[in-house]
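Here are some comments to read beside the model.

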Amino acid sequence: MKRKAESRHLQRSAAVRGGGLRNVSKNSHPLEFPPANEPLDDSSEESEVDTDEEKQGDRSMYHTLLSSLKSSCGSFAHVYDKRQREQEGVSSAEEDEQDTELESESDVSGDAEVEEVEPMESSEEEVVESEEDRDIEGTAGQLAVDDEDDVEDDDEDRENNEASMSISSFKLHTTHTLAEADVQKLKEGKRKFKAEFPAHGMPMCKWTTTNDSLHKEDDRLASYGVQSRLQKHWQSIHKKPDCGDFTSAKQSQFFSLCNSYQDILHSNKNAFLCGGQDDDSSIMDAYLLHILNHIYKTRDLVTKNSARLSQQAEQKDKTIDAMGLSQDQGFTRPKVLIVLPLRSIALRTVKSLIDLIPSSCKVSIEYKNRLFDEFGNGEDEDNEALKEGSKSGGQHKEKSQISSKPADFQALFGGNNDDHFRIGIKITKKSVKLYSDFYSSDIIVASPVGLITKIGEAESEKNKDVDFLSSIEILVIDYADVILMQNWSHVISVVGELNMIPTKQHGTDFMRIREWYLNGQARYYRQTILLSNFVNAEINALFNRSCLNYRGKVKLLSSYSGVLPKVVLQVRQVFPKIKDPLQGGIMVFISSYFDFVRLRNYMKSQDTSFCLVGEYTKQSDISRGRTWFFHGKRKIMLYTERAHFYHRYKIRGIRDLIFYSLPERNDFYAELTNMFEGVDNPTCTVLFSRFDSLRLERIVGASSAKKMLNSEKKTFMFC
């Protein structure tokens, strides 16, 4: 009790003197992006990163904090001085005797960093007091023990965890110390992809990495040091005889990449909206298992160290230097951020996450009904009603409209398509708490719009902040191809807010914060997993310039066969190559909203006969414009990719189709080209440049795109 009181006194003294952690502007560790007037580089090599970070002094924030605490307490000063003497190689006989005692205690308890130690029994009064203190401080930052059951494991489970943690990538990743020279190399961003390996289950793809080799692959979860309870539960629902503990070789390889803690760019994900339900679920289950393993490993480590510190406090040993052994936390509790585009997709993800949690760890699931009410939007009832039919004319019309859309549109927008949401998930030993406060959550699932709204509130209101993003260790951006159709700049802003030094304490125990957090190096330890159906310049730029994991990077290289065979009509398709994509032309289809605005303003200035179909165009104007275009009252229609993505209009009256810019989604090319009806000698003209290489290869195929880009000819024709 005396030790606990002294520890709390140290924290409060530091808070009073320093006013919490120092107020740091949001630009302290900026993430760099290319200027708006410069083209994004989509090459496989990483671009250099120009950093404007503030120059730090010789002493790190960590040592400054320790010095501050040293001046407030004599016992802490003794420990701090002892540690400093040890680092300088100075020791005394008394210190040697203390070290001997510590080593003997360590021999009894095992490996201090990885083994799980049964905590000594504490009085009921102590447990209540500690919980009250956490409530007062907000419990925000730390993975504290929620109840007495959380610090008790059965002997068999504890032994399995100790064995797995000794070989896990989790320990290797979190205990690694970056030298100043390594940090400088990461800032420069000059790492190149140098090794390539086949991608299992994807014959036209291959993995490339900045390391000399990929992470060692195995079909047994035990070889990855996965927490034993997760292993048993996973094997009970996923194990297959021919693939070990995994459902496929593809899933096994992807989990191996996740477990390596490298940054990953998977750019050929066969999502459920493209008919790849099983493939999509297997990839999702793989990264969710990795996330849960990270959460449980972190919790086991914190629980073990808390028990060790409690044991030392009961022994009243004030000379034990446990600063290094107990550095197991970040500034705040949330460790995982999953960014998704729509509520329906978030519901699928959270359901899969809950399914992967062992039954003994989800005895109760709080607010589960609320989750289905707010994210499901009654989709099951709606689907059933559509199947049975309805006597109502309005509902019958809605059914007809939905059935006329492509399959991918129905799969994506069949559920709740709201793009503004955020939800915290807290995982305890025996329960899963949905809608938990962000500062007491382990996982945050949110959309870019939901997060950017929170960031905006923090900027405008002084009593709000986004410090819950300061300790994110795993970032997952799934369905990035769908987010591209929303607003990619929101993703850039959210990533820029990650791993900043917080402006408030949030109940932080300074003595247990990892040193690389205090030194502002957290972003070099953060793993980013980007998943998309395709890759473009914006995704490549984010991966190259904002993902600086010291463990390296791995990305998927894909070769495409193209979608030209899907054009069933005899259409003369012309691909003229131009020097600059901004050198105008009249267009029907526009991928970028900025190009749409530019052409709209130009046509207004020239008194051109045209109509608009954009994502922000009123429905009444769209209906009127489509009618005018069909009857020839308007000569030109400007049609954006986002409008087609969200509505899939059937445009009638097309005679000459011009792609001012190629669509991101290759299927859109075939869909639009097949809209010619009853037209003699229809033509389709596509403008492209070398900056459209990624889009071009998805449409005409990798081999044809390479010839078109390297050829001296300016025009190419397909029939």
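1. A residue counts as buried under 20% relative accessible area, as exposed over 50%, and as partly exposed in between. Serine 559, in this predicted model, has a relative accessibility of 33% and is therefore partly exposed. The residue sits in the loop that runs between strand E11 (553-558) and strand E12 (572-576).

2. Which residues does serine 559 contact, leaving aside its neighbours within four places in sequence? They are Met204 and Ala702. Cysteine 205 is 354 residues apart from serine 559 in sequence, yet the two are 6.2 Å apart in space, taken from C-alpha to C-alpha.

3. Cysteine 205 has a relative accessible area of 8% and is therefore buried, and cysteine 547, at 2% relative accessibility, counts as buried too. As for covalent links between cysteines, the structure holds zero disulfides; for that term to apply, a pair of cysteine sulfur atoms would have to lie within 2.5 Å.

4. Helix H12, which covers residues 343-356, has 14 residues and spans 20 Å from its first C-alpha to its last, close to the 20 Å expected at 1.5 Å a residue.

5. Is helix H12 largely enclosed or largely open? Eleven of its 14 residues are buried, so the helix is largely enclosed by the rest of the structure. Among the buried residues of H12 are Arg343 and Ser344, together with Ile345, Leu347, Val350, Leu353, Ile354 and Leu356; Thr349 and Ser352 also belong to that buried set.

Key. Residues numbered from 1 in each chain as written. Predicted model: local features only at pLDDT ≥ 70, side-chain atom pairs only at ≥ 80, totals over all residues. Heavy atoms only, no water. Buried < 20%, exposed > 50% of the residue type's maximum accessible area, 1.4 Å probe, protein only. Helix = DSSP H or I, 4+ residues; strand = E, 2+ residues; numbered from the N terminus. Expected span 1.5 Å × (residues − 1). Contact = heavy atoms within 4.5 Å.
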